[in-house]
Amino acid sequence: MRLQHATWQEVETYLQRETGIIVPIGSTEQHGPNGLVGTDAICPETVAWEIGERHGVLVAPTQNLGMAQHHLAFPGTISLRPITLMAVLRDTVTSLARHGFTHVLFLNGHGGNIASLSAAFAEIYTERSMGLGPQPAGELHLTTNNWFAGPRVRELAESLYGGAEGTHATASEVALSWFARPEAIKQVAMSPRIAPRGSAQCDADEFRRRFPDGRMGSDPSLASVEHGQRLFEASVADVWEAYRAFTRPITGT
């Protein structure tokens with residue numbers, strides 16, 4: 001159930017029974033010595049695709065670029081400005097709403113996107129409330145779900161990694177990305193074993209001074225494919241539960 005693999009007729013038929021859709025959103029940014037630059041997009045995409053397969057939910061193409069300015073001192077990172085990301089989100093939602101989608105769940109893999117997602121939703125709702133320009137008729141509901149923040153995932157990450165989970169280039173996200181892309185596993189010794197902790201509220205050069213190898217409070221050398229599979233199943237269960245609660249008024253299940 002991937003939008004880019006469907007015909008327009010199939011999407012039209014889908015909308016006759018279901019008007020919810022999942023939009024994976026992540027980032028293209030450094031993830032420490034053994035994490036993939038695409039980690040934050042790979043993780044939510046993998047979870048969303050599985051929900052689509054298991055439950056017949058349509059999944060939109062992944063928004064691979066996010067707000068990652070604080071990682072720009074590390075080669076490979078590509079960042080959108082917050083206002084640019086907000087414009088992309090607004091246009092995405094407006095396009096989907098025009099076709100009759102009423103419930104859009106953005107499945108997020110990057111903490112740096114959360115503020116822009118919230119601001120974009122506020123802009124979209126404000127435009128509808130104030131009648132600013134032509135708006136698609138009907139209801140519209142938007143929400144963000146972070147794949148890494150569900151109760152099952154949080155409990156599992158705590159049991160597997162404890163204080164070594166960290167807040168960026170975490171062991172759990174590296175594990176899930178390895179499960180999704182086992183051909184891209186990197187084995188790298190960490191020094192120090194657990195990275196420094198601190199805030200990412202800074203510019204790119206300051207971020208690299210604070211976190212020289214890109215990790216924040218984590219030891220992703222603890223990651224494994226087996227852990228990734230367990231985290232994958234936990235997140236699929238968390239997100240499906242959240243999606244059903246979000247869309248229940250339209251699905252009736």
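What volume does the largest pocket have? The answer is about 500 Å³. Before we go in, keep in mind that this is a predicted model, where local features need pLDDT of at least 70, side-chain atom pairs count only at pLDDT 80 or more, and totals for chains, interfaces and linings use all residues. Residues are numbered from 1 along each chain as its sequence is written, and side-chain values use heavy atoms, with hydrogens and water left out.

So how do you find a pocket? Rolling a probe the size of a water molecule over the atoms shows where empty space is left. Here a pocket is an open set of points on a 1 Å grid over the protein atoms alone, where a 1.4 Å probe fits, with protein on both sides within 12 Å along at least five of seven lines; lining residues have an atom within 4 Å of a point. The volume is the space filled by probe spheres set on the points, which are joined across faces, edges and corners.

Of the 26 residues lining the largest pocket, His110, Gly111, Gly112, Thr167 and His168 are the closest to its centre. Helix 4 (114-130) and helix 6 (171-180) each supply at least two lining residues; helices are DSSP runs of H or I, at least four residues long, and strands are E runs of at least two, numbered from the N terminus.

Now look at helix 5, residues 151-161. Val153, Leu156, Ala157 and Tyr161 are buried there (buried means under 20% relative accessible area, exposed over 50%, and partly exposed in between, with a 1.4 Å probe and protein chains only). Seen down the helix axis, these buried residues fall within an arc of 100°, so they line one face of helix 5; the arc is that of the directions from the axis to the C-beta atoms. The face turned away from the buried side carries Glu155, Glu158 and Ser159, which are exposed. Just after helix 5, Gly162 takes a positive phi of about 55°.

Most residues other than glycine have a negative phi, and most peptide bonds are trans. Ala169 is also buried, with a relative accessible area of 0%.

There's a peptide bond to spot too: the one from Ser191 to Pro192 is cis, with omega near 0°. You'll find Pro192 in the loop between helix 6 and helix 7 (204-210).
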